[in-house]
Amino acid sequence: MSASETPPVGHYAVGHYQERLAAEGIDVVRVTYPDLIGTDRARDVLLDQLPTACEHGLAFCRAVYHTSPQGNVVPVPGGLDAGLPDIHVRPDLDTLLALPWEPGVATCLGETIDPATGAPAPESPRDLLRSVLARCAEQGLRPVVGPELEYFLCDEDPASPSGWKRYSGAAGAVYTAGLRADPDNHLLRTLRRLRDLRIGVTNGNHEFDGGQFEINLTHSEALSAADRSFRFKAAVKELARKEGRLATFMARPFNDAGGSGFHIHLSCDDERGHNTFDDPAGRYGLSDTARHAIAGVLAHAPALAALANPTVNSYKRFGPDTLAPWLIDWGLDNRSAMVRIPPERGSGARLELRLGDAGANPYLLIAGTLAAALLGVRAGAEPPAPLEGYGYDTARAAVLPMSLPAALDALEADTALTELLGKDFTTSYLTYKRDEVARFQRHVTDWEFTEYAYHL
């Protein structure tokens with residue numbers, strides 16, 4: 001059911017929620033929703049005002065979708081040119097969760113509505129994913145997604161130009177836990193708090209670089225996976241702020257370290273709940289559906305990069321020997337490939353897309369991946385032979401876009417993918433991101449001053 005078909009929560013139902021929350025000592029509900037870049041936008045609602053918020057919605061300026069991280073309003077159609085109209089956000093009380101680290105506060109997701117049409121807001125990432133899922137359902141597919149995200153934890157450092165340094169400089173501590181690379185037990189404390197938030201966190205470890213961590217979430221239906229990834233990122237950043245630290249999902253925040261990925265494991269169930277990617281008699285133990293999905297992701301990878309690698313910084317994560325894919329290839333249990341097929345079959349048959357970086361909006365990354373896979377299934381396409389051995393050989397596979405402008409051009413040119421994503425969303429996204437590129441190209445960086453100022 002789309003947001004436009006969802007009636008306001010009745011007073012009786014809201015009263016039930018109010019009574020339950022009050023009994024738990026909660027007097028504030030934080031209503032959140034994702035903007036275009038996946039940042040949480042929110043408003044705190046006093047518990048006695050919850051019925052009004054549910055009936056009428058909370059008014060936000062639509063241009064919040066078009067506002068840059070530095071607070072600039074990008075001239076996207078329907079924003080500045082339309083006089084900065086409203087969207088309405090209705091609390092989805094079925095998504096209520098108590099915040100374990102903030103007494104008296106619960107949080108829920110919000111449904112964003114364009115009051116002029118009664119339909120979902122055109123830029124709503126959550127509704128974009130819903131629309132792609134509806135197209136998958138027409139094909140008899142119910143996507144299941146398992147997210148894996150990495151991030152860096154930083155401590156304040158007045159001597160650093162950014163004001164931050166990596167929390168731990170321990171090298172060679174990949175796949176470790178405990179105090180060796182985590183002297184303040186950040187990971188253990190964070191895992192327990194996220195467990196209490198009940199968003200399906202399963203495990204975590206220190207990653208390859210100092211101060212870098214990976215935390216995994218259980219697999220689930222695709223919208224739930226996106227919701228939980230969105231809430232996970234917001235929670236990790238909020239928990240770090242409570243300690244005077246910075247947790248960043250930026251693709252590559254440091255010159256002397258690698259990047260942070262956002263890998264997604266994807267399979268599709270049929271209407272009976274059976275994994276359609278498994279076929280013991282199929283090539284590689286994969287069904288036709290699985291191979292077609294792989295082919296679709298490969299075919300639309302240049303356009304998909306604009307959603308999976310959505311910032312100027314994203315493309316500094318790519319390169320030989322980074323374990324970040326920059327070639328369009330796939331392989332059987334091969335981590336140097338863009339699409340890896342883990343060794344499990346049966347109910348565990350799936351593909352792992354390693355393209356995304358941690359800065360990606362979960363809803364857009366998952367929606368784009370599903371759209372590309374669906375196009376492959378519709379076309380009945382077959383992938384090329386899988387990568388064997390270590391990858392990163394440009395003689396064996398095509399290169400992905402190596403800059404944000406190139407990826408945006410690829411997205412605009414991929415009419416099959418943009419038809420599934422929708423014209424309104426695509427126009428807004430391209431306008432917003434091209435403004436980001438233009439602002440970066442005008443900005444004088446520290447590197448330029450260091451490189452040129454003394455000698456020129």
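This is a predicted model: local features need pLDDT of at least 70, side-chain atom pairs count only at pLDDT 80 or more; totals for chains, interfaces and linings use all residues.
As a general point, most residues other than glycine have a negative phi. Is Arg 198 buried or exposed? It is exposed, because its relative accessible area is 59% and the cut-off for exposed is over 50%.

You will find Leu 84 in the loop between E3 and strand E4, which covers 86–91. Its relative accessibility is 38%, so Leu 84 counts as partly exposed.

Now let's step back to the whole protein. How many helices and strands are there? The secondary structure comes to twelve helices and 18 strands. The C-alpha trace spans about 65 × 60 × 50 Å along its principal axes. For 456 residues, a compact globule would have a radius of gyration near 23 Å, and the protein has 22 Å, which agrees.

What about inside and outside? Buried residues make up 55% of the 456 residues. The accessible surface comes to about 19,600 Å², and carbon and sulfur atoms account for 52% of that. As for charge, there are 43 positive and 60 negative charges, and their mean positions are 2 Å apart.

Taking contacts between residues at least 6 apart in sequence, 71% join residues at least 24 apart.

Let's go inside. The largest nonpolar core has 125 residues, and Phe 232 and Met 338 are those with the most contacts inside it. Which helix gives the most to this core? That is helix H8, residues 362–379, with twelve residues. If you click on Met 338 and set aside its neighbours within four places in sequence, you will see contacts with, among others, Val 297, Leu 298, Ala 301, Pro 325 and Leu 400.

Next, please find His 292, in helix H6, residues 288–299. With a relative accessible area of 13%, His 292 is buried, because buried means under 20%. Not counting residues up to four places away in sequence, His 292 touches Ala 373, Gly 376, Val 377, Gly 380, Ala 381 and Glu 382.

Phe 60 is another buried one, at 10% relative accessibility. Phe 60 lies in strand E3, residues 58–61. How far apart are Phe 60 and Asp 86? They are 26 residues apart in sequence and 5.5 Å apart in space, C-alpha to C-alpha. Asp 86 is also among the contacts of Phe 60 beyond its sequence neighbours, along with Tyr 33, Ala 42, Arg 43, Pro 85, Ile 87 and Val 89.

One last stop: Ala 171, in the loop between strand E8, residues 164–166, and H4. Ala 171 is exposed, with a relative accessible area of 71%. The C-alpha atoms of Ala 171 and Glu 207 are separated by 9.8 Å, while the two residues are 36 apart along the chain.

Notes: Residues are numbered from 1 along each chain as its sequence is written. Side-chain values use heavy atoms; hydrogens and water are left out. Helices (H or I, at least four residues) and strands (E, at least two) are DSSP runs, numbered from the N terminus. The radius of gyration is taken over C-alpha atoms; the globule rule is 2.2 Å times the number of residues to the power 0.38. Buried means under 20% relative accessible area, exposed over 50%, partly exposed in between (1.4 Å probe, protein chains only). Contact means heavy atoms within 4.5 Å. Accessible areas come from the Shrake-Rupley method with a 1.4 Å probe; for residues, only the protein chains shown count as cover. Lys and Arg count as positive and Asp and Glu as negative; His and the chain ends are not counted. The place of a charge is taken as NZ of Lys, CZ of Arg, CG of Asp or CD of Glu. A nonpolar core is a set of buried Ala, Val, Leu, Ile, Met, Phe, Trp, Tyr and Cys residues joined through side-chain atoms within 4.5 Å.
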